[in-house]
Amino acid sequence: MPHSRPTNTSLLELHLTGIPGLQHLHHWISIPFCIMYLITLAGNSTLLCVIKAEPSLHLPMFLFLSMLAVIDLVMSTSITPKMLGIFWFHFTAISLDACLTQMYFVHAFSVMESGVLVAMAFDRYMAICNPLRYLSILTSPVVAAIGLATLLRAVVFMSPLTFQIHRLPLCRPAVVDHSYCEHMAVLKLACGDAAFSNTYSLSISTYVGSFDSLLIALSYALILRAVLSLSSPQARKKAFSTCGSHVCVMALFYIPGLLSMYMERYHQELPPHVQVLLADIYLLIPPAFNPLIYGIKTKQIRDGACRMISR
């Protein structure tokens with residue numbers, strides 16, 4: 001039977017419902033979620049260890065990959081343990097401060113991941129289309145500056161959102177119909193004027209999603225043009241395989257996130273559990289797949305892992 005909503009909740013404490021309408025399936029849903037989290041922890045941690053241990057991997061491509069691994073670990077860990085607590089033990093309560101902290105980490109690191117994906121697409125463009133100038137342009141200071149820029153962009157974009165929602169009074173039943181503290185779901189509890197938060201959230205999400213995905217699409221279009229000019233069919237096949245898998249993982253990150261946000265914003269007639277599952281997918285699947293797509297399929301990573309194991 002679905003769990004009843006808690007009553008007499010304090011405004012300093014919220015309750016997460018998990019996946020609305022599917023509470024009776026929480027234990028089953030938790031199995032793939034837990035598996036994906038374990039893959040995320042094992043894959044990204046291994047990736048970081050291999051890149052750190054192998055001096056030959058201290059190249060721009062793998063430095064960006066390290067940034068992506070750290071972001072994925074933080075983003076997944078900020079939501080999955082609490083989510084599994086809801087699914088397994090019905091630990092629905094979360095303090096308002098913890099909820100806002102979780103919200104900030106989820107959305108800020110999502111913006112950071114988007115920025116790193118753009119940087120990785122540019123890195124691939126330089127490596128394939130301009131290999132002679134690759135290391136002279138993407139030096140270590142430049143890579144560090146790009147990483148810092150993605151961090152600052154996330155802080156600048158997300159800080160006003162969190163401060164604004166912190167100031168809004170929550171005067172409805174303190175129950176969030178979501179599996180984590182997603183901004184639009186928490187905003188539904190506010191009884192003050194939430195127009196700024198609504199508009200700002202929609203604008204930032206649209207800007208980041210559309211602008212970053214456009215830059216990625218442009219990079220891969222230029223890569224595709226360069227690949228088609230290669231004389232070797234084997235080289236073309238390898239480049240198509242690599243770029244195709246990268247684009248698929250990026251699509252899993254951008255499309256479910258934007259769909260979930262727009263459906264929350266415009267109250268589309270879809271079951272609530274579909275909206276929540278879409279939001280969960282874009283935070284859980286890419287972090288689990290990234291080390292497989294970007295790591296295991298990369299020969300240098302495989303060779304580095306073998307050398308580390310042999311030692």
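Visitor: How many residues does the largest nonpolar core have, and which of them have the most contacts inside it?

Guide: The model is predicted, so local features need pLDDT of at least 70 and side-chain atom pairs count only at pLDDT 80 or more, while totals for chains, interfaces and linings use all residues. Residues are numbered from 1 along each chain as its sequence is written, and side-chain values use heavy atoms, leaving out hydrogens and water.

The largest nonpolar core has 82 residues. Leu14, Phe33, Leu65, Phe87, Leu117, Tyr180 and Ile216 have the most contacts inside it. A nonpolar core here is a set of buried Ala, Val, Leu, Ile, Met, Phe, Trp, Tyr and Cys residues joined through side-chain atoms within 4.5 Å. Buried means under 20% relative accessible area, with a 1.4 Å probe and protein chains only. Helix α3, residues 96-129, supplies the largest share of this core, 16 residues. Helices are DSSP runs of H or I of at least four residues, and strands are runs of E of at least two, numbered from the N terminus.

Phe87 touches Gly18, Ile19, His26, His27, Ile29, Ser30 and Phe33, leaving aside residues up to four places away in sequence. Contact means heavy atoms within 4.5 Å.

Helix α2 covers residues 60-89. Of its 30 residues, 21 are buried, so by the cut-off of under 20% the helix is mostly covered. Its end C-alpha atoms are 43 Å apart, which agrees with the 44 Å that 30 residues should span at 1.5 Å a residue. That expected span is 1.5 Å times one less than the number of residues. Helix α2 also bends by about 35° at threonine 77, and proline 81 follows within four residues. The bend is the angle between axes fitted to the seven residues ending at a residue and the seven starting there. After α2 comes histidine 90, with a positive phi near 60°.

Around this part, the protein has ten helices and three strands. Buried residues make up 48% of its 311 residues. Among contacts with a separation of 6 or more, 78% join residues 24 or more positions apart.

The unreviewed UniProt entry lists transmembrane regions, including residues 28-50, 62-91 and 103-122; such annotations may be inferred rather than shown by experiment. In the model, residues 28-50 are 100% helix, with end C-alpha atoms 34 Å apart. Residues 103-122 are also 100% helix, and their end C-alpha atoms are 29 Å apart.

Terms used
Buried < 20%, exposed > 50% of the residue type's maximum accessible area, 1.4 Å probe, protein only.
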